[in-house]
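Subject: Structure handover

Hello,

Here is the structure I promised to pass on. Please open it first, then read the notes below.

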Amino acid sequence: FPSHDIGQSLSHIVHKYQRHHHTLISSNQQLRLIIANMPMIILVTDQDGVILLCEGKDLGKINLNTGDLVGHSIFDIYANQPTIINSIQRCLAGEHHSLSHYWHDLYFEIEYIPFINSQGEKHGALIVGTDVTEQFQYAESARLQNWRSVIFSNIAVKIHQSLDMDEILQTTVREVRSFLSTDRVLIYRFNSDWSGDVVVDIYRT
């Protein structure tokens with residue numbers, strides 16, 4: 001082949017590679033920018049639990065910045081969180097699952113996704129945390145409102161049936177114990193000198 005043809009071919013190949021490489025870099029930068037601004041926390045670990053990626057807008061909610069955890073073992077970071085450690089181990093073993101977790105006064109829904117190739121080989125984990133505090137608080141508020149409605153309804157029935165205060169208080173304490181799922185609830189009446197006595201005491205038998 002003439003040398004100028006080879007040179008043109010090589011130049012074309014190099015130019016094509018550079019253009020493709022630039023496109024890959026640009027796409028990767030755009031992807032990282034998107035991930036960094038997503039309202040969640042995204043961690044990627046290798047099969048040993050070493051963090052390779054730490055991104056997401058919600059990192060600031062737990063006093064972290066992008067990349068802060070990269071290079072650290074996720075098992076060391078959460079050594080005092082047995083529930084999280086167990087979930088990470090399950091994920092690295094190949095189990096895709098999710099977990100609700102209370103952390104830094106916030107509620108997170110955490111999804112654990114294992115990386116498994118077509119041969120069934122495990123290569124790490126993708127961990128995605130979404131702040132669901134607002135949804136949780138709304139659900140809890142609705143639950144409390146429903147509970148108050150039940151309590152008031154039962155008290156109203158008792159008042160309608162009888163004006164016996166002891167019976168009304170018994171009903172109230174019984175409903176509270178049922179709602180809280182506790183073994184015991186009582187009403188203690190204080191006197192002006194801080195002495196007092198138990199008025200109603202309901203407990204599981």
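Start with valine 200, which is found in strand 7. (Helices, H or I with at least four residues, and strands, E with at least two, are DSSP runs numbered from the N terminus.) Valine 200 counts as buried, at 3% relative accessibility. Buried means under 20% relative accessible area, exposed means over 50%, and partly exposed lies in between, with a 1.4 Å probe and protein chains only. Its contacts, leaving aside neighbours within four places in sequence, are Leu169, Gln170, Val173, Val185, Leu186 and Ile187. Contact means heavy atoms within 4.5 Å. Tyrosine 188 is 12 residues from valine 200 in sequence, and the two are 7.3 Å apart in space, C-alpha to C-alpha.

A word on the source. This is a predicted model, where local features need pLDDT of at least 70 and side-chain atom pairs count only at pLDDT 80 or more, while totals for chains, interfaces and linings use all residues. Residues are numbered from 1 along each chain as its sequence is written, and side-chain values use heavy atoms, with hydrogens and water left out.

Strand 7 (residues 196-203) runs antiparallel to strand 6 (residues 184-190), and seven bridges join them. Two strands pair if DSSP finds at least two bridges between them.

**The whole chain**

The protein chain has five helices and seven strands. From the N terminus on, the order is α-β-β-α-α-β-β-β-α-α-β-β. The chain has 205 residues, and 27% of them count as buried. It exposes about 14,000 Å², with 55% supplied by carbon and sulfur atoms. These areas come from the Shrake-Rupley method with a 1.4 Å probe; for residues, only the protein chains shown count as cover. Take the contacts between residues at least 6 apart in sequence: 32% of these join residues at least 24 apart.

**The core**

The largest nonpolar core has 23 residues. Such a core is a set of buried Ala, Val, Leu, Ile, Met, Phe, Trp, Tyr and Cys residues joined through side-chain atoms within 4.5 Å. Leu43, Tyr78 and Tyr112 touch the most other members. Two or more residues come from each of strand 1 (41-45), strand 2 (51-55), helix 3 (82-92), strand 3 (97-103), strand 4 (106-116) and strand 5 (122-131). Helix 3 gives the most, with five residues.

Tyrosine 112 has contacts beyond four places in sequence, including Ile84, Ser87, Ile88, Cys91, Leu99, Leu126 and Ile127.

**Helix 3**

Buried here are Ile84, Ile85, Ser87, Ile88, Cys91 and Leu92. Seen down the axis of helix 3, these residues fall within an arc of 165°, so they line one face of the helix. The arc is that of the directions from the helix axis to the C-beta atoms. Their cover includes strand 1, helix 2, strand 3, strand 4 and strand 5. After helix 3 comes glycine 94, with a positive phi near 110°.

**Serine 73**

Serine 73 sits in the loop between strand 2 and helix 2 (74-77). Serine 73 is buried, with a relative accessible area of 17%. It touches Gly49 and Val50, not counting residues up to four places away in sequence. A polar atom of its side chain lies 3.2 Å from the backbone nitrogen of phenylalanine 75.

Best wishes

Terms used. A polar contact is a pair of N or O atoms within 3.5 Å; within protein, one must be able to donate a hydrogen and the other to accept it, and residues adjacent in sequence count only if both atoms are side-chain atoms.
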